[in-house]
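Good morning, colleagues. Please look at the sequence and the structure before we discuss some salt bridges and the sheet.

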Amino acid sequence: MGQLDGKVAFITGAARGQGRSHAVLLAQEGADIIGLDICEQVPTVASPMSRQKDLDETVALVEKTGRRMIGVKGDVRNRADIQRALDLGLAEFGRLDIVLANAGIYAVGLKPYDKSEQAWQDSLDIILTGTWNTLQLTAPILVEQGQGGAIVITSSTVGVRWVTTNYDGGFDGYSAAKYGQVGMMTAYAGRLAEYNIRVNTLHPGPINTPMVANEHFAKWGEENGPLIASFASALPVTSMEPVEMSKVVLFLVSDTGRYVTGQKVVVDAGQTSVPPAGGGTLMKHPSDG
């Protein structure tokens with residue numbers, strides 16, 4: 001008997017990283033999975049993004065647990081893509097219980113002013129509007145079913161802590177969107193509570209995923225040393241594995257977390273308890289003189 005037997009979860013950004021880990025762990029606990037992922041490169045993102053083969057691999061990993069998964073290529077900026085995935089999933093599984101709004105990008109550049117406006121817009125569109133689109137289309141399903149449910153939005157420690165800009169449109173967009181997700185969470189948690197639908201944000205610290213475990217991010221980190229240093233963890237770890245976040249997600253969406261809603265759940269190895277290094281002075285903007 002699993003904690004999620006008979007449940008169905010919809011996960012955006014399911015092809016790899018945290019999304020894949022969530023899909024596999026929830027499947028191990030008895031859930032069937034509807035997965036959505038863009039599976040192509042966003043031009044303002046320098047590091048390699050997911051591909052169809054990644055989503056196919058996630059489906060195969062879920063199926064190895066004995067559960068089922070429908071993997072759909074789609075963009076959370078496009079409501080029609082989300083709706084198509086939900087329609088396919090509902091036709092196959094007949095219900096929806098769990099929503100993980102996990103899709104996101106990190107559109108930072110080695111040269112902060114290159115593609116800065118577009119990187120800002122892409123970050124807001126995918127992280128913030130993509131989350132809103134996901135909630136707008138899934139919340140009515142959960143309400144109509146009348147059996148409660150759980151929604152977890154993947155934010156970041158950037159969404160709860162002090163940060164400093166390096167004038168990079170992608171980093172600014174990431175920061176603004178992650179904070180914005182918290183406001184969205186509180187609004188939906190308040191509205192959906194009467195239907196026994198729980199809504200929380202998850203705020204991971206450093207996680208070993210393809211979003212950051214790549215050559216581009218390593219170079220970006222070298223160029224932004226003080227900013228990277230400000231994200232140091234208090235515990236003696238450099239990064240955590242995605243499954244550590246998946247365990248927290250499982251708690252939030254299972255009966256164990258049935259009374260947790262409207263919360264910012266921070267899992268950061270103590271990162272937010274460490275004061276930022278460098279005094280907030282990272283680089284000069286051309287207008288600074």
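Predicted model: local features only at pLDDT ≥ 70, side-chain atom pairs only at ≥ 80, totals over all residues.

K219 is partly exposed, at a relative accessible area of 39%; here buried means under 20% relative accessible area, exposed over 50%, and partly exposed in between, with a 1.4 Å probe and protein chains only. Its partner is E215, and the two side chains form a salt bridge at 3.2 Å, N to O. By salt bridge I mean a side-chain nitrogen of Lys or Arg within 4 Å of a carboxyl oxygen of Asp or Glu. E215 counts as exposed, with 58% relative accessibility. Both K219 and E215 belong to helix α6, residues 215-223, and are four residues apart, about one turn of the helix. Helices (H or I, at least four residues) and strands (E, at least two) are DSSP runs, numbered from the N terminus.

Residues are numbered from 1 along each chain as its sequence is written, and side-chain values use heavy atoms, with hydrogens and water left out.

How many salt bridges does the structure hold? There are 12. One of them joins D32 and R67 at 3.2 Å, N to O. D32 lies in strand β2 and R67 in the loop between α2 (52-64) and β3, so this pair ties together parts that are 35 residues apart in sequence. D32 is buried at 5% relative accessibility, whereas R67 is partly exposed at 28%. D32 and R67 also belong to a network of salt bridges with R68 and E92.

Let us turn to the sheet. Seven strands form an open sheet with parallel pairing, in the order β3-β2-β1-β4-β5-β6-β7; two strands pair if DSSP finds at least two bridges between them. At the edges are β3 (69-73) and β7 (264-267), each pairing on one side only. Strands β1 (residues 8-12) and β4 (residues 98-101) pair in the parallel sense over three bridges, and A9 has I98 in β4 as its bridge partner.

Finally, helix α4, residues 116-145, packs on the sheet and touches β1, β4, β5 and β6, where contact means heavy atoms within 4.5 Å. The direction of α4 makes about 175 degrees with that of β4. Axes are lines fitted to C-alpha atoms, for helices over the stretch in contact, and angles run from 0 to 180 degrees between N-to-C directions.
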